Amino acid sequence: MYPVTTAHYMLLSAILLTIGAVGVLTRRNILVVLMSIELILNAVNINLVAFSHYLQDVSGQVFVIFVITVAAAETAVALGILIALFRNKETVHADEVDILRW
Amino acid sequence: MLLDSVLFYLFAILIVGSSILMITRRNVVYAAVWLINALIGTAGLFLLQAAEFLAGVQVIVYIGGITVLYLFVIMLVPLREEMLQRRFASQGWIAVICSTLMLVLVSVFLFRGADSFHLGQAAPPPAELGQMTTNSEQVGQALFSRYLLPFEMASILLLVAIIGAIVMSKARGAPGSSISSMDN
């Protein structure tokens, strides 16, 4: 059981991706949905680092840096949108935001 | 080798357990704390795979930056009312079934294909990396030579995101606010 291979890391990444997808699809609170997106991006990062370690190529780790950058940008914009939404509509629930105009 | 395996399973349990707790907590602050736990586990996995620089970046940027941003925004949410409301969407069980099917599918492909992809132990490091020893040095070398253009584009993306976030969250009555001229 104990030599940990790249397949182990890929399976862990798949489990994490599934948990993140469940969080995105089932929770009503937009904040938790955004946190679940972070989980999905982390699953991708685990895969990239595992392959980088397996192939002894540092490019995978560079791409993890780009993923983290995009995650930071996404979080900043999404939380800005959330603040504007809460100011206008007084809710943070995804299923109460059901109109396309004010 | 044995220590590596034990640590891998320890971090894996930490990550999966914290993630499941994160998506099921009613209180958003608890969810953020469990998210921090899962991110710490991921940083540990990075350390296990000799990516020390990324482990540091994970702790500083994700845990120190992004999660704190979440905690600030959580202050907006009226937690008392939140505790009385439904947590999950009404058709959430369909999503759970579909996601589990996806996991089963990926696992089947992984177990059937693990041998044909030769996903075994890590390859030995190539000989030409001998003069560059540390992980940070290798990452920096790749980032500023081969991936210089994506690096600059990432910095522009961050600048655009900062400006976008400021414009989005500007107060309604602020002078020159595009939000205030749109409604009313």
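Where pLDDT is low, the predicted coordinates should not be read in detail.

## Confidence overall

Chain B has an average pLDDT of 83, and 83% of the residues score at least 70. Within chain B, confidence is lowest in helix α8 (residues 178-182), with a mean of 48, and highest in α2(B), at 94. Helices are DSSP runs of H or I with at least four residues, numbered from the N terminus. The model scores ipTM 0.91 and pTM 0.86.

Residues are numbered from 1 along each chain as its sequence is written, and chains are lettered from A in the order in which they are written. Local features need pLDDT of at least 70, side-chain atom pairs count only at pLDDT 80 or more, and totals for chains, interfaces and linings use all residues.

## Helix α1 of chain B

Helix α1(B) covers residues 2-24. Its buried residues (20 or more other C-beta atoms within 10 Å of their own, placed from the backbone) include Phe11(B), Ile15(B) and Met22(B). The buried residues of α1(B) pack against α1 (6-26) and α2 (30-55) of chain A, together with α2 (28-48) of chain B.

## Contact between the chains

Chain A contributes 65 residues to the contact and chain B 76 residues. On the side of chain A that touches chain B, α3(A) gives the most, with 23 residues.

How values were computed
Helices (H or I, at least four residues) and strands (E, at least two) are DSSP runs, numbered from the N terminus. The expected span of a helix is 1.5 Å times one less than its number of residues. A residue is buried if 20 or more other C-beta atoms lie within 10 Å of its own, exposed if 12 or fewer, and partly exposed in between; C-beta atoms are placed from the backbone. Two residues are in contact if their C-beta atoms, placed from the backbone, lie within 7 Å. pLDDT is the predictor's confidence in each residue, from 0 to 100.
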